[in-house]
Amino acid sequence: MRIQIERVSRRFGEFVALDRVSLNIGSGEFLALLGPSGSGKTTLLRVVAGLERIDEGAIRFEGEDITGQSPGERNVGLVFQHYALFRHMTVFDNVAFGLRVRPRSKRLSGAEIRKRVLELLELVQIDRLAERYTSQLSGGQRQRAALARALAVGPRTLLLDEPFGALDAKVRKELRLWLRKLHDEMGLTSVFVTHDQDEAIELADRVAVMNHGRIEQIGTPKQIYDDPANPFVYEFVGTANRFDAVAKGGQILAGLDLIGRAPPQLPDGPVTAFSRPHDISLLPAQERYGVPATVQSVTSIGGILRIKLDSPASTQLIEVELSKGTWIDPDPEPGMPVRLRLGRFSVFRTGGELPPSPAKITEPSQTA
C-alpha cells in the first residue's frame with residue numbers, strides 16, 4: 001500500500017511536534033523514521049495510524065484521503081515497544097483477539113480463526129507457545145506475539161514504534177534480521193520508528209532522518225551515511241569528526257594546514273569540515289601536509305585500531321579507525337604527534353548549509 005503524507009502539522013500547545021511534513025512511502029517499502037527523542041518520529045507514526053489527529057495537511061492511502069478515518073477504518077497493524085499484550089490471555093487468545101472482535105458480518109468462523117492464528121504463530125516461530133500466558137514468555141517471544149497479533153487482521157501496512165527498544169542487544173539483532181525477512185516474504189509496507197541508527201541502516205529500504213518536527217533528509221541508508229544533507233544528519237548518523245576551517249582560494253585550510261580542495265560552489269569564508277573515522281589516515285608528524293594532532297588513546301579490537309586524538313583544528317577529540325597493517329610505524333601510542341590525512345570529507349558553510357561535497361585530499365604540490 002502506498003502512503004502519502006502531505007504537509008502535515010501537529011501541535012501540542014506551543015510545542016510543534018510536526019511542522020508541515022511531506023513524505024511518500026512506496027508500496028512494499030520498508031521505511032525507517034530515525035531521529036533523537038522529541039524529533040517527531042513517533043507522532044508521525046501515530047498520525048499515520050489514526051491515533052493522533054492533525055492540525056493541517058492530509059494522509060492518503062493509495063490516493064484515498066483517510067485523514068478523518070479512525071484507526072480501525074485504516075486497517076493498519078501496530079506494534080509497540082512494550083508489547084501491549086493482554087496479560088490475562090494466552091498467546092493464542094492475544095493473537096485471536098482482533099479477529100474475534102470484528103463486526104459479525106466480517107468475522108471469520110471459529111475454525112477459520114484458529115487456522116489463521118496457528119499459521120501466524122508458526123510464521124513468527126512461537127507456535128509451541130500458543131497456550132502460554134504472556135508473563136511466561138521472554139521479551140523476544142512477547143514481541144513476536146505482538147507482531148503476530150498485528151498481522152492477524154491482515155493490515156494494509158505495518159507500523160512499528162521502537163519495537164525492540166526493551167530487548168537486549170543480541171535479541172534485538174536477531175529479531176531485526178527476522179523482521180526484515182518477514183516483511184519481504186509478506187509483501188508488507190512497513191514504517192519503523194527508531195533512534196538506533198544501526199537498526200535503521202540494517203532494516204530499511206529508505207531512512208527519513210527527523211529533527212524538531214521536520215525531515216532533514218530522506219534516502220537510502222548508503223545515501224544518508226555517505227552524503228549527509230547537513231551537519232545534523234552527518235553527526236547523528238554514524239560517527240563524525242568536525243574540523244573548524246576556512247575556504248580560501250579554492251582550498252580548505254585549518255589554520256595554515258591544508259585539508260583539501262574546496263568544492264567549486266563554495267565561497268571563501270569560515271566552514272566546517274566533517275570526516276568519518278575510517279576516512280582518515282595517520283601520517284608521521286614530519287609530513288608537510290595534513291592536520292596536526294596528538295594521540296590521546298589507542299584501543300585494539302580484533303584487526304582494528306580505534307584512536308582518539310587531540311587537534312588544534314577541532315574542539316572535540318578526533319576519532320580514527322585503522323585496519324591492521326595500515327597504520328604508521330611505530331604503532332601509535334599516547335603522546336605521539338602525527339598528521340591527519342582526510343581521504344574523504346564534506347564541507348558546510350559555518351552558520352549556513354551547503355550541499356555536501358565529498359572530496360579527495362589534494363596535496364600542496366598539486367594545488368600550487
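Modeller: Gladly, and one term comes up at once: two strands are said to pair if DSSP finds at least two bridges between them. With that in mind, and remembering that this is a predicted model, strand E3 (residues 30-34) and strand E8 (residues 190-194) pair in the parallel sense over five bridges.

Colleague: Which residue in E8 is the bridge partner of leucine 33?

Modeller: The partner of leucine 33 is valine 193, which sits in E8.

Colleague: What sheet are those two strands in, and what is the strand order?

Modeller: They belong to an open sheet of six strands with mixed pairing, and its order reads E6-E7-E8-E3-E9-E10. Strand E6 (76-80) and strand E10 (214-219) are at the edges with a single partner strand each, so one side of each is left without a neighbour in the sheet. If direction is ignored, neighbouring strands of this sheet are turned by 15 degrees against each other on average.

Colleague: Which strands does helix H5 lie across?

Modeller: Helix H5 (residues 139-152) lies across E6 and strand E7 (157-161), and its direction is at about 165 degrees to E6. Helix H6 (residues 169-186) also packs on the sheet, where it touches E3, E7 and E8, and its direction makes about 140 degrees with that of E3.

Colleague: And how does H4 pack against H5?

Modeller: Two packed helices are described by the angle between their axes and the distance between the axes. For helix H4 (residues 110-123) and H5 the angle is about 135 degrees and the axes are 9 Å apart. H4 and H5 are therefore oblique to each other, and their crossing is right-handed.

Colleague: Which residues make that contact?

Modeller: H4 brings Arg116, Leu120 and Leu121, while H5 brings Ala148, Leu151 and Ala152. Sorted by class, the contact of H4 with H5 has five nonpolar residues, one charged residue and no polar ones.

Colleague: Changing topic, what is the pairing in the sheet of five strands?

Modeller: That open sheet of five strands has antiparallel pairing, in the order E13-E12-E11-E14-E20. Its edge strands are strand E13 (257-261) and strand E20 (346-349), each of which pairs on one side only. Neighbouring strands here are turned by 40 degrees against each other on average, again with direction ignored.

Colleague: How many bridges join E11 to E12?

Modeller: Three bridges join strand E11 (residues 241-248) to strand E12 (residues 251-254), and the two run antiparallel. One of the residue pairs to look at there is lysine 248 with its bridge partner in E12, glutamine 251.

Colleague: What about E18, which residues are on its covered face?

Modeller: In a regular strand the side chains alternate between the two faces of the sheet. Strand E18 (residues 318-323) has Ile318, Val320 and Leu322 on its covered face, and Glu319, Glu321 and Ser323 on its uncovered one. Strand E17 (residues 304-310) is joined to E18 by six bridges, and these strands run antiparallel. Lysine 308 stands opposite glutamate 319 in E18.

Colleague: Where else does a residue other than glycine have a positive phi?

Modeller: Asparagine 75 is one of them, with a phi near 55 degrees, and its place is in the loop between helix H2 (71-74) and E6. Asparagine 75 is partly exposed, with a relative accessible area of 26%. Arginine 7 also has a positive phi, of about 45 degrees, although it is not a glycine, and arginine 7 is found in strand E1 (residues 3-12).

Colleague: Finally, how many helices and strands does the chain have?

Modeller: The chain has 10 helices and 20 strands, and its C-alpha trace spans about 80 × 45 × 35 Å along the principal axes. Of the 368 residues in the chain, 48% are buried. Among contacts with a separation of 6 or more, 66% are between residues 24 or more positions apart.

Terms used. Residues are numbered from 1 along each chain as its sequence is written. This is a predicted model: local features need pLDDT of at least 70, side-chain atom pairs count only at pLDDT 80 or more; totals for chains, interfaces and linings use all residues. Side-chain values use heavy atoms; hydrogens and water are left out. Helices (H or I, at least four residues) and strands (E, at least two) are DSSP runs, numbered from the N terminus. Axes are lines fitted to C-alpha atoms, for helices over the stretch in contact, and angles run from 0 to 180 degrees between N-to-C directions. Contact means heavy atoms within 4.5 Å. Angles under 35 degrees count as roughly parallel, over 145 as roughly antiparallel, 65 to 115 as roughly perpendicular and the rest as oblique. A crossing is left-handed if the near helix is turned anticlockwise from the far one by less than a right angle, and right-handed if clockwise. Ala, Val, Leu, Ile, Met, Phe, Trp, Tyr, Cys and Pro count as nonpolar, Asp, Glu, Lys and Arg as charged, and the others, Gly among them, as polar. Buried means under 20% relative accessible area, exposed over 50%, partly exposed in between (1.4 Å probe, protein chains only).
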